[in-house]
There are 2 protein chains.
Amino acid sequence: MSVLIVGSTALDSIATAQAKHARLLGGSASHAAVAASFFAPVKMVGVVGDDFPRNYLGLYRKHKIDLEGLQIVPGKTFHWSGEYEVNMNNRRTLTTELGVFESFTPHLPESYKNSEFVLLANIAPSLQHHVLDQMRRPKFVVADTMDLWLNIALPDLLKLLRRVDGFVLNESEARQLTDENNLVRAAKAIHKLGPKYVIVKKGEHGAILSSRDGLFLSPAFPLLKVVDPTGAGDSFVGGMMGYLSTARGSIDANLRRAMVYGSVVASICCEGFGLKSTTRATRVVIDKRMKSLAESARF
Amino acid sequence: MSVLIVGSTALDSIATAQAKHARLLGGSASHAAVAASFFAPVKMVGVVGDDFPRNYLGLYRKHKIDLEGLQIVPGKTFHWSGEYEVNMNNRRTLTTELGVFESFTPHLPESYKNSEFVLLANIAPSLQHHVLDQMRRPKFVVADTMDLWLNIALPDLLKLLRRVDGFVLNESEARQLTDENNLVRAAKAIHKLGPKYVIVKKGEHGAILSSRDGLFLSPAFPLLKVVDPTGAGDSFVGGMMGYLSTARGSIDANLRRAMVYGSVVASICCEGFGLKSTTRATRVVIDKRMKSLAESARF
């Protein structure tokens, strides 16, 4: 089963206390698609400009990502630059140049419209709606988001929540959306907005799933060193959807394990700048780390 | 097997955004002893003044805590007052009146000296040393601490670390002690100071154990409402030592489960002011919550 992923496709310039890299392959769709590709075939939807490096297209292809839905148009690729503080928990956006993203409308190729698993990775809620509008009968739709859309596109986002099965957001976004400090209560409040599955990401502390089956406390893989956390959340949800789409049985039976797989890919993402570490990973490496994480969580 | 617990025995005046309570039963030894009492007989070492409410002695006795090592001396009981911010993560000490604690020297009754499990709950490292000096051949010694001792009694604390099997501290204390931001690296650095078992408490995010067997990521029981987190860390380590002292088999085989039991008792502690919620708990309630937490952590 393939996964359809829509999101941003970008060039990221990232500075940490240790190093600085310009125009890395980035964007929520890039991270999520590569993460999902370790588990399932991926169909990507996005847009890049004619300045997009050809070797980045090569990286997508190396991961067998279907690029029929990736528009390459005249103009500049979306460019984000930011810097991290020493502790890696706080980051500051320096510049955001939308480029070809400003006039982007996602068009799904015919071959994409029957996809059963759909990941609406972080991108404007109006574009997430536009992708859903073109789908036939998706089996499981998950949306990710960011604080920006809570601030400037809340009505669109609230409408989207009534159309998705699962919704993923981080701790501070969950608090902002619900005005609830307690995360369990925040998740309960989000169920009332539509999604059956609410996933709150807590970075190095793992993630919480709230569903009919109660709560699941997903651990995060403990890292000795974080090189660059950019894209970790996208990798988490990408890995999760990739695994889910190929696992036999019900969503409920597989979602926990899917989340842990997602957090394993996210941990690999953090070990290099941009997609450098993730694109060097293999399913064997991922399964080994999964086994080690399961052993660390056993009691 | 009984557990010997030394620590502070205090009256706590606590204010949160919701409510305010004066002269509650508190102190690290009180919280740890009540928590441990659900699993094993407890021998407590401490000091209170002649103003100590008789019903608080009754509460200890209700939990079958051996009070032969509790000195009752003329003067005032240690009194701490503090207030929490709305989010419950930050607290501010308003007053600290040491009272009879100022001249306290722990004397162990003969019947205490053969205890195999020793919890040096949070108290000045010099007093923790003094208790250890009087023990015959303890099997497993764990010390807890707080930032105050890192600031004003570091040499004593470092000496203590060479005498204990396990050391418990919270995230910020681990970072302060080792100058390492990453908690896995911080734990590794603490092993070099002596303890075979290093436990880093992360509050609502659980705890990490580092030992020869690698890492264990202990989950925390997710609460819908935190009433008062005072004593949660003491309850964690008390419950952990209580369970450990009665579990059959090796420390390594039981420590993970002991930590999860500790975090269950800590969660109960947070649901009431002072010891109000913990002293109403039963082993049946604790086991039920343990089962629910195990289910929430399964994948």
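1. **Ground rules.** This is a predicted model, with local features requiring pLDDT of at least 70, side-chain atom pairs counting only at pLDDT 80 or more, and totals for chains, interfaces and linings using all residues. Residues are numbered from 1 along each chain as its sequence is written, chains are lettered from A and ligands numbered from 1 in the order in which they are written, and side-chain values use heavy atoms, with hydrogens and water left out.

2. **Pro222(B).** This residue sits in the loop between β13 (214-218) and α8 (232-246) of chain B (helices are DSSP runs of H or I, at least four residues, and strands runs of E, at least two, numbered from the N terminus). Not counting residues up to four places away in sequence, Pro222(B) touches Val184(A), Leu215(A), Leu217(A) and Leu293(B) (contact means heavy atoms within 4.5 Å). The C-alpha atoms of Pro222(B) and Leu293(B) are separated by 8.2 Å, although the two are 71 residues apart along the chain.

3. **His31(A).** Helix α1 (residues 28-37) of chain A holds His31(A). His31(A) is buried, its relative accessible area being 1% (buried is under 20%, with a 1.4 Å probe and protein chains only). Leaving aside neighbours within four places in sequence, its contacts include Thr230(A), Asp234(A) and Cys269(A).

4. **Aromatic pairs.** The whole structure has 20 aromatic pairs over all chains (Phe, Tyr and Trp rings, the six-membered one for Trp, with centres within 6.5 Å; planes under 30 degrees apart are stacked, over 60 edge-to-face, the rest tilted). Phe140(B) and Tyr197(B) have ring centres 5.6 Å apart and planes at 75 degrees, so the pair is edge-to-face. This pair links distant parts of the chain, Phe140(B) in strand β9 and Tyr197(B) in strand β11, 57 residues apart. Phe140(B) counts as buried at 3% relative accessibility, and Tyr197(B) counts as buried at 5%. In chain A, ring pairs link Phe39(A), Tyr243(A) and Tyr261(A) into a cluster.

Technical notes. Buried means under 20% relative accessible area, exposed over 50%, partly exposed in between (1.4 Å probe, protein chains only).
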